[in-house]
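Please examine the structure below.

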Amino acid sequence: PQASTSLSGIHHPTAMSEFFVTQLLNRTSKKQLDSGNPFKVVLINIIDDLLLTHTHPSFPASILLLKTFSSTIAMHAFQYNSKSSRTIEASYLTTCFDILGKISANFSTHLSALRNSTFHLPMTDNFLTPDECKEEDTTCICGRAHITNTFMLDCDTCHKWFHGSCVKIRKDNIPETWICDECQMLLCAKEQQKLTFDLFEELFGVDAGLMNESARRVSMTPSTANNQLSKEESGQIMKEKRDQMEKIVFRQLLLDYLSTRDNEDLCRKFQIAKWIDDLEGDIMPLEGADELTPDDSSSSTAGRRSKRKKKSTKKKRKKLEESGNNRKIVLQNKITQHQISHLQNQWDKKSGKRDDTDVFLTPYASTKLLQTVNAQTDILETFPRLLGTILRLMGDPLVALRKPAVKALNQIINADPRMMFHRVVKKAVAKCFVDDAISVREAAVTLVGSYVLKSPKVAYTYHDALLNRLEDSGVSGRKAVV
């Protein structure tokens, strides 16, 4: 990876991913003279495997392939009514929507899990200092605190208890010193804090100064003129500080984990190149500075991605500049450049060797970390676009696209029923209730009907629409309502 060039080390894997996906989908979409298309089975099996492996540290390219598959398949769906569709097999369209629904549902599940059980950097009153348990705590990572009649380990730092089976340690192989995952994270955070502490303190000192200045402009009362932040403002600064530190710590912990694996040096280097690529997109050029522009012609997906990054970066820069916060842009860029340099320095680190000063997590925690990192970056970036694609196809002029789009949305809502109450989703489903095609109206009724008994809110929200469908001109529509 070379941060000084316009193309990071992730460019070539991205190009290879696009080539592989394009070739496979082209073969799958062609009409076959015989009874079936063998590439369709291969495609479905590959998608299923990628959905199983994209949360495992040993398969870092899985998420890249899933993003490429989803964007290319969405493009094929939008192009279905063009002249090129004459060579597309009819069942291929159904396969496309099934794959879009599978990927979107999987991503929605991970985002929902992230909301319900967020994996945060442990915070204490003394920042990045482990808590000492005053009482025996047998919660363990599995949450089964009531199971204590089995082999358990005591953390030598926080003295919490964990089941040996949960942390993959046998009773006949107990290490002399054992530290739990949360304490390992704290130790790693302390090491990372040493590297970026001065820049972080300066950055968040700027935040505090700007908040005080804003308070003085808004009000001249004695309470706001004494340069003291409110509890809410202090909490906001601490949360932002933790979020910034979490990204650094989580990435470093994953690299340390992969460094202990003898045959996964390529996995570690792939992650380094990918994260440097992400960090390069976070650098905000100051006004008048030249911006690096990747070669869009070399990769269509990479070109679109770079444009989205540039647009997002400009929005961040404009927001900061409007608040008179140019100094914060410079400090934030310093922290980002420092992270890039730190990652580059680890490129040639030998795997399989472990120093006494290094800290490492269990395989369970490493998988959980990757799930969190991906959910906060790739999945969080990709899922809204997938959902928007499906909702847009639900309003396409072709019935052949609207009906499978409703079924794809059903897969997403199966993964996260709360999506039923999303404003945009409710609006799209409401349109399908009065669609010109009977099959689309039936699919909308089936979608809502799946959740009427599970959630009273769904029944209240769609009650009138369902009653109106009792007078549907199509028999299948009336039957679905009943």
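In this predicted model, Leu470 lies in the loop that runs between helix H15 (456–468) and helix H16 (475–481). Its relative accessible area is 40%, so Leu470 is classed as partly exposed. Together with Leu467 and Val482, Leu470 makes a nonpolar surface patch of about 310 Å².

The largest nonpolar core comprises 58 residues, and Met394 and Leu409 have the most contacts inside it. Helix H4 (residues 90–116) supplies the largest share of this core, namely ten residues. Apart from this core lies another, of 16 residues, including Met185 and Trp275. Leu409 itself touches Met394, and residues such as Leu387, Val425 and Leu447 are also among its contacts, when residues up to four places away in sequence are not counted.

Side chains of opposite charge can pair when their charged atoms come close. The whole structure holds 14 salt bridges. In one of them, Lys274 pairs with Asp378, with the closest N and O atoms 2.6 Å apart. This pair links distant parts of the chain, since Lys274 belongs to helix H7 (residues 265–282) and Asp378 to helix H11 (residues 378–393), 104 residues apart. Lys274 has a relative accessibility of 9% and therefore counts as buried; Asp378, at 3%, is buried as well.

Arg469 counts as buried because its relative accessibility is 14%, and Asp472 counts as buried at 3%.

How values were computed
Residues are numbered from 1 along each chain as its sequence is written. This is a predicted model: local features need pLDDT of at least 70, side-chain atom pairs count only at pLDDT 80 or more; totals for chains, interfaces and linings use all residues. Side-chain values use heavy atoms; hydrogens and water are left out. A nonpolar core is a set of buried Ala, Val, Leu, Ile, Met, Phe, Trp, Tyr and Cys residues joined through side-chain atoms within 4.5 Å. Buried means under 20% relative accessible area, exposed over 50%, partly exposed in between (1.4 Å probe, protein chains only). Helices (H or I, at least four residues) and strands (E, at least two) are DSSP runs, numbered from the N terminus. Contact means heavy atoms within 4.5 Å. Patches are made of residues with over 30% relative accessible area and no salt bridge: like charges are joined within 9 Å, nonpolar side chains (Val, Leu, Ile, Met, Phe, Trp, Tyr) within 5 Å. Accessible areas come from the Shrake-Rupley method with a 1.4 Å probe; for residues, only the protein chains shown count as cover. A salt bridge is a side-chain nitrogen of Lys or Arg within 4 Å of a carboxyl oxygen of Asp or Glu.
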